[in-house]
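Below is a short note for a colleague who is meeting this structure for the first time. Please read it beside the sequence and the 3D view.

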Amino acid sequence: MVFQMHEIFSAVRLSLCVGVISTALCALVGIPAGCILAAVTFRGKRLVLCVLNTLLSIPTVVVGLLVYSMICRRSPLGFMDLLFTPSAIVIGQVLLALPIMVLFTCTAVSAVDKAAAETAITLGAGRFATAMVAISEARTGILAAVAATFGRLIGEVGVSMIVGGNIWGYTRTMTTAIALETAKGEFAVAVKLGGILLIMSLGVNMVLQSLKGSLRLRTVEERR
Amino acid sequence: MIEILGLKRFYGDRCVLDIERLRMEEDCLHVVVGHNGAGKSTLLRIIAGLDAHYEGTVQSTAPQNDRVFCAQRPYMFNGTVRDNVVKGLKFRRQLRDEKSVRELTARLGLAGMLSRKAKNLSAGEMQRVALGRALIVRPRLLLLDEPAANLDPHGVDAIQNEIRRQVSDGVMVVMATHFGEVAQRSGGCIHRLEEGRLTAPEIHNVFEADLLKVEQHTWARLREGLQIRCISDRAGRRRIAIPACDIVISRQRLDSSMANVIQGVICGVRRMGNQLELEIDAGILLRAVITPDSFDKLQINVGKEVFASFKASSVRVL
């Protein structure tokens, strides 16, 4: 077999690490941003939503190209030597998926009944507590946003290939490995890698689903 | 106490609320009656502090965080009934007292459903949860929008008892309802809204009276030699009202459970829609409503002597 076991492990590890870190960073920025976007009204909000919607379907290679042009040697950020490192992939992936996180969170929070906030206010909740109520009531939607973000990132090739460089054992992710093996004509290996990628994705989504359940469990325990 | 001056609320250019002056005293139940769309909910939401887009002044002695509003279709938070009931305590960072949670939920008939998901309840159950959720924080001012709208008769009794209990505990309660009957029975002070404006409540036979307690009965003395039985814990000079439709007219003195029988002479008959309104001079001027059929059957007319009977519980102390 041309493709060695440790190569597969290395690619799996990198794909998972980069995907999880990027998703976490997206959540850290995107969830608050989405909540704020849902809460405020301003002129041009519809335009912002429209742009975000467009960015949902931005080709990954375009984001890759954009990040490449920012971090390559001759560019302003060239001195940081980020090109062809896992960090570069994370930067690109965060940019790629942030619109998904913001827009989905915004939609989920906007969909919460206006009465939820009013009920909270009349029961004595302060501004912060009221905002937390909206997030808590939208938590199913926000978890869906996290899942969609991860889904987009674990399967993307463009950013990883362009700014990661597909370096053996360093920036080779599952998807770039599949692309490479297919190009080399190692069709069977590529299919196997694809299967592993799907199983990984299933595992992460199962974790997210159980997180939804445990949120509820914790509130049950709290009450006792 | 709530004091409203020159209150106006517009939706677009439609004026949905226009109240020149309204004062609600502390120690009683206030009932806002009106048809759907009369502005009841808007008024309650403004008093609750949930709607700030109005003109005029609304003042209340209860601070904002001591007023709790229960919507007609209450919002249930994610989680169980119990989560919902104690939510207010969490917001206020108050410790919950398990005993009072249990007592309150038992009184409202929620004891058996504490661990059910609140979003799956029926509308009537949600209303009871919403009331419990409001009461647990012990507000000074409780605003209830159609609290009995989706309840079965048993549930209505439970809620009415609870409201009475709160009023006697010193909580100011303002309730909106479109059921005139509910309003009359509640024994509260009625404010009638029609298309956003206050109109005179449909009550007749309003008299000044001195309330006296003799043994276990309460008597209202209307004037020298004329007193009627009523049910009230109050004393002193009060206004009382006898709903015109609660008065039974007869030619002979009725032998019945009705505690009050007043003799008088018919001094006027007027047509009111498909009913007749009689004016009876009995030392006081009483108005009674009867159907034209009964009028013919009794063979009465102006100048005839009749007896007006009504129950002690019909007499409302305002």
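1. Basis. This is a predicted model, in which local features need pLDDT of at least 70 and side-chain atom pairs count only at pLDDT 80 or more, while totals for chains, interfaces and linings use all residues. Residues are numbered from 1 along each chain as its sequence is written, and chains are lettered from A and ligands numbered from 1 in the order in which they are written.

2. Helices α1 and α7 of chain A. Helix α1 (residues 5-39) packs on helix α7 (residues 139-154) of chain A at an angle of about 140°, and their axes are 9 Å apart. Helices here are DSSP runs of H or I with at least four residues, strands are runs of E with at least two, and both are numbered from the N terminus. Axes are lines fitted to C-alpha atoms, for helices over the stretch in contact, and angles run from 0 to 180 degrees between N-to-C directions. The angle makes α1(A) oblique to α7(A); angles under 35 degrees count as roughly parallel, over 145 as roughly antiparallel, 65 to 115 as roughly perpendicular and the rest as oblique.

3. On α1(A) the contact is made by A:Ser15, A:Gly19, A:Ser22, A:Thr23, A:Cys26, A:Ala27 and A:Ile31, and on α7(A) by A:Ile142, A:Val146, A:Thr149, A:Phe150, A:Leu153 and A:Ile154. Two residues are in contact if their C-beta atoms, placed from the backbone, lie within 7 Å. By class, the contact of α1(A) with α7(A) has eight nonpolar, five polar and no charged residues. Ala, Val, Leu, Ile, Met, Phe, Trp, Tyr, Cys and Pro count as nonpolar, Asp, Glu, Lys and Arg as charged, and the others, Gly among them, as polar.

4. Helices α5 and α6 of chain A. Helix α5 (residues 114-122) and helix α6 (residues 127-137) of chain A pack at about 140°, with axes 9 Å apart. That angle makes α5(A) oblique to α6(A), and their crossing is right-handed. A:Ala116, A:Ala117, A:Ala120 and A:Ile121 of α5(A) meet A:Ala129, A:Thr130, A:Val133, A:Ala134 and A:Glu137 of α6(A). Seven nonpolar residues, one polar and one charged make up this contact of α5(A) with α6(A).

5. Where the chains meet. Contacts between the chains involve 16 residues of chain A and 18 residues of chain B. On the chain A side, α5, α6 and α10 (187-223) each supply at least two residues. Which helix of chain A gives the most to the side that touches chain B? It is α5(A), with seven residues. The chain A side as a whole has seven nonpolar, five polar and four charged residues.

6. Chain B overall. Chain B has seven helices and 19 strands. Helix α1 (residues 40-48) of chain B is mostly covered, with nine of its nine residues buried. Just after α1(B), B:Gly49 has a positive phi of about 85°.

7. Three-stranded sheet of chain B. Strands β2-β1-β4 of chain B, in that order, form an open antiparallel sheet. Two strands pair if DSSP finds at least two bridges between them. β2 (14-24) and β4 (55-60) of chain B stand at the edges with a single partner strand each, so one side of each lacks a neighbour in the sheet. Five bridges join β1 (residues 2-11) of chain B to β4(B), and B:Lys8 has B:Glu55 as its bridge partner in β4(B).

8. Other pairings in chain B. A five-stranded open sheet has the order β12-β11-β10-β13-β19 in chain B, with antiparallel pairing. Within chain B, strands β3 (residues 29-33) and β8 (residues 189-194) pair in the parallel sense over four bridges, with B:Val31 opposite B:Ile190 of β8(B). β8(B) also runs antiparallel to β9 (residues 197-199) of chain B, joined by three bridges. In the hairpin of β8(B) and β9(B), which has two residues between the strands, B:Glu195 takes a positive phi near 45°.

Technical notes
Left-handed = near helix turned anticlockwise from the far one by under 90°. Buried ≥ 20, exposed ≤ 12 C-beta atoms within 10 Å, placed from the backbone.
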